[in-house]
Amino acid sequence: MKKSIGILCYPSVGGSGVVATELGMKLADRGHDVHFITSSMPFRLTEYRPNITVHLVEVNQYSVFKYPPYDITLASKVAEVIDVFDLDIIHAHYAVPHAVCAELGRNMAKKKGVAVVTTLHGTDITVIGQDLEMQPAIRYGIESSDAVTAVSESLALETNMTLHAEYDIDVIANSIDESVYYPMRDERLKRHYGIEPGEVVVIHISNFRPVKRIDDTLVAFAIAANNRDMRLLLVGDGPEMGQTRRRAKELGVYEKIIFAGKQEHVAQLLAISDIHLLLSEKEAFGLVVLEAMAVGVPSVVSNAGGLPEVIQDGQTGFIVPTYDVKAAAERIGQLADTPELREQMADAGIRDTRQRFDSNEIVRKYEQVYERVCARY
Ligand code: GMT
């Protein structure tokens, strides 16, 4: 049955915002009324759909406020949107503050019987959840939700371990927009970046936060690139970027690196790449690994969090022990030296994306959760 769904998410670049926005667009395509309640326009919301409305949360900067009350303003907005648009469900992406604000908002609303679904994305548990001061808020958000989903089995397990709980969590994997991420190559763009024919391009895309272990990426690349014609394409920006540049110089690989900066359209950059590298310390799912797979770029990933649920070791990419830069370098070298292996893994990855991560199938799983929770009211 068609529903009116409020989606709370971080609108800017970041996996959880991307997943929430793409889910909202798919739900709208399937006839649901979707209301994004967020601080700015979700950046992946690029096409007009009549049944999507964006409600912006504007925080007043009164001088009495030392800290602008974003969370309270968001909760008030949730209540307003519930009442004005007769919402059935609030779907909060990321435990804090969104799950907590969803609960506060539905309590403030005049309309009763609105269900709350919370999706855990990763750092809300694996990083923020480690902060004992935040745990009561995260627990409250989870326990007051009618259903909780996590993007991988690993994250569901870690949630229960971190919070010493036995929550019943539905695991629903991430998916990608198949009209954006599909098998493609782009030789012209290679020329733009000065990539010579025969050079193997290794790509890393992230928000350059400590959890991504950029140093391991640089060291693994430096080992593999010794005596090989290779370039490292770094996409994204974040707190570790300064250190990344310094370290690249120290390791003598600076000249081999293309710093592409923060980019919203990474499919085109994947299309000029041969190997994708993600050696995070923690990674609940690794949406970018799925994006690479869909474009036909095999990944070398660390054995962290949900990454082994996305990559099938030796089939669609390689999994190496977390922090083991030598093992990562060996796998990068193996892929660089064997184009047939890259091609074989690319084909297997494209097939696997279609089989296990079909976006329609994944949206249907969320719809089943919505049906289940709405039946309670
Ligand atoms: O660190 C990031 O990559 C951003 C972060 C976020 O919260 O937006 O991504 C998390 O959610 C993504 C979407 O579900 C997952 O694919 C990422 O694995 C997860 N990041 C981490 O767990 C570090």
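This report looks at the surroundings of the ligand and at one helix pair in a predicted model.

## Ground rules

Numbering starts at 1 along each chain as its sequence is written. As the model is predicted, local features need pLDDT of at least 70 and side-chain atom pairs count only at pLDDT 80 or more, while totals for chains, interfaces and linings use all residues.

## Around the ligand

There are 19 residues around the ligand, and Gly14, Gly15, Ser16, His121 and Gly122 come nearest (near here is a C-beta atom, placed from the backbone, within 6 Å). Helices are DSSP runs of H or I with at least four residues, numbered from the N terminus.

By class, the shell has six nonpolar, 11 polar and two charged residues (nonpolar is Ala, Val, Leu, Ile, Met, Phe, Trp, Tyr, Cys and Pro; charged is Asp, Glu, Lys and Arg; the others, Gly among them, are polar). The ligand lies between domain 1 (4–175 + 358–374) and domain 2 (187–356), because both give residues to its shell. Those bounds come from an automatic or database domain assignment.

## Helices α8 and α9

The axes of α8 (residues 214–225) and α9 (residues 241–250) come within 10 Å and cross at roughly 25° (axes are lines fitted to C-alpha atoms over the stretch in contact, with angles from 0 to 180 degrees between N-to-C directions). That makes α8 roughly parallel to α9, a label for angles under 35 degrees.

Ile214, Asp215 and Leu218 of α8 meet Thr244, Arg247 and Ala248 of α9, contact being C-beta atoms, placed from the backbone, within 7 Å. This contact has three nonpolar, one polar and two charged residues.

Methods. Helix = DSSP H or I, 4+ residues; strand = E, 2+ residues; numbered from the N terminus. Parallel < 35°, antiparallel > 145°, perpendicular 65-115°, else oblique. Contact = placed C-beta atoms within 7 Å.
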